[in-house]
Amino acid sequence: MKDEVTRRGFVRTAAAGSALAGLSAGRAPTVFAAKADKPARLGGTPVHQGGWPKWPAWDESWEPEIVEVLRSGRWSCSGGGGAVADFEAAYAELIGAKRCVATASGTTAMITAMHVMGVDAGDEVITSPFTFIATYSTILMLKALPVFADTDPATLTMDPASIESRITERTRAIVPVHIYGMPCDMDPINAIAKKHKLAVVEDACQAWLADYQGRKCGTLGDLGCFSFQNSKHIPAGEGGAIIGDSEELLDRCYSFHNCGRAHGTFQGRGCFSRGTNCRMMHYTAALVRQEIDKLVTDTKRRQENADYLIAGLKEIPGVEPVRLPENSHAVWHLFAFRYDPDQFHGLSRDDFLRAFRAEGVPCSGCYREQYYDGLLHEAIASRGFKRLFPAERLEAYLDSFEDLKGNKQVCQTSVGMFQTLLLAERSDMDHILEAIRKIQAHSAALVA
């Protein structure tokens, strides 16, 4: 990657030298479009004029196995075995876990895992505010309160230093979120959990194959949860998984996701324990198991292109790549960076996004401060939460959102690009970098 960046710098230097040579020979200097062209928002030509890889990507070689399952008439996995069991074994091996329980979605995986770890009505769960709303919702579904640790602006993940101040006598678990496939700093999080005897359930729903200190995300806490929703790197429309190394915990997960029936070490008569139907279907399992090889190949390509982008972004003032924990690797469900308008003549983040999109680069402002969207206010105003929590606790809970200064900063300054852009060609990564350089070079005009 470094050689490629150096090569591009050499090309620019050589081009500048050629222009000077032209002047000395009495010829007009060459005008280079990348520098002279106006931003597309000001009537210039977009840097990227082609498309981007589509998602999800279908492979016809997957069809025979899926059709075989459909023709078998055995679509449900309520009896165990079959394609679901095959996928569970393959996915556990891929991530490096002892066991896997396949579920209907990442959401049901989270509900199942937290229930098994003892999260119950009236409890509190510390989690990240910078995440897809399902993280909030799964905690609320268990009639527990999602209490937010602050977001570290450098990493976009949970700031371990902000956790202990949020712990109360009601705190039952910590749910770190490996958002965008970027590993949380798990060593200090696990140390805090151990100190206070708290469960750790990893929300790894965007972190397939991400790793931290030599271990895959999802294997770093008590249980880890994944999603296979349509946008995900291993898509099936819907689907999810729970992984772990404890036979007892995974048996309890299996029981809960299968209507409370006995399983393995967790025994009883009939549907003897609380549970619901969160099972994955066999034809879903047949699809996701066959996608594993593609996941591995795609992940390598995303990581290589992300490394290239990071090296290029570091050369551009005002755009700051995300910092990862030492000895860790992200898988980039979104590729994000922080934007500083002061380095772009005061061009707002929203106006930067409009200019970036006009150059042919799809992008977004990532997550906003979702705790002000009404979901949490609606939940704690319900009869159930009013019975479960004292009024003064709920009032203090709403007030605590003002303390999330790091998260507010992240929500106001982040720029994200969807994972499919990282599956494009290396020349397309150059387009992304060139678009940012062009916007910066003309940012004063864009402000005006």
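Predicted model: local features only at pLDDT ≥ 70, side-chain atom pairs only at ≥ 80, totals over all residues.

Reader: What angle do α4 and α9 pack at, and how far apart are their axes?
Author: The angle is about 35°, and the axes are 7 Å apart. Helix α4 covers residues 82-95, and helix α9 covers residues 282-290.

Reader: Which residues make that contact?
Author: From α4, they are G82, A83, V84, D86, F87 and A90. From α9, they are H282, A285, A286, V288 and R289.

Reader: And how does the contact of α4 with α9 split by class?
Author: Seven residues are nonpolar, two are polar and two are charged.

Reader: OK, α5 next. How do α5 and α6 cross?
Author: Their axes come within 9 Å and cross at roughly 45°. Here α5 is residues 106-116 and α6 is residues 134-141.

Reader: Left-handed or right-handed for α5 and α6?
Author: Right-handed. On the α5 side the contact uses T107, M110, I111 and M114. On the α6 side it uses A134, T138, I139 and M141.

Reader: How many charged residues in the contact of α5 with α6?
Author: There are no charged residues there. The contact has six nonpolar and two polar residues.

Reader: Now α5 and α8. What is the crossing angle there?
Author: Roughly 125°, with the axes coming within 9 Å. Helix α8 spans residues 247-257.

Reader: Why is the pair α5 and α8 called oblique?
Author: Angles of 65 to 115 degrees count as roughly perpendicular and those over 145 as roughly antiparallel. The crossing is at roughly 125°, so α5 and α8 are oblique to each other. α5 passes α8 in a right-handed crossing.

Reader: Which residues meet between α5 and α8?
Author: I111, T112, A113, H115 and V116 in α5 meet L249, R252, C253, F256 and H257 in α8. By class, that is six nonpolar, three polar and one charged.

Reader: Switching to the backbone. Where is the cis peptide bond?
Author: Between W55 and P56, with omega about -5°. P56 sits in the loop between α2 (33-36) and α3 (63-72).

Reader: What about phi at Q213, positive or negative?
Author: Positive, about 50°, and Q213 is not a glycine. Most residues other than glycine have a negative phi.

Reader: Where is Q213 found?
Author: In the loop between β6 (211-212) and β7 (215-216).

Reader: Last topic, voids. How many cavities of 30 Å³ or more?
Author: One. The largest cavity has a volume of about 30 Å³.

Reader: Which residues line the largest cavity?
Author: W55, A57, H233, P235, E291, K294, L295 and D298. W55 is also one of the residues joined by the cis peptide bond.

Reader: And the lining of the largest cavity by class?
Author: Four nonpolar, one polar and three charged.

Definitions and conventions:
Residues numbered from 1 in each chain as written. Heavy atoms only, no water. 1 Å grid on protein atoms, 1.4 Å probe; cavity = no way out; pocket = protein on both sides within 12 Å on 5 of 7 lines; lining within 4 Å. Points joined across faces, edges and corners; volume = space filled by probe spheres on them. Nonpolar A, V, L, I, M, F, W, Y, C, P; charged D, E, K, R; others polar. Axes fitted to C-alpha atoms, helices over the stretch in contact; angles between N-to-C directions. Helix = DSSP H or I, 4+ residues; strand = E, 2+ residues; numbered from the N terminus. Left-handed = near helix turned anticlockwise from the far one by under 90°. Contact = heavy atoms within 4.5 Å. Parallel < 35°, antiparallel > 145°, perpendicular 65-115°, else oblique.
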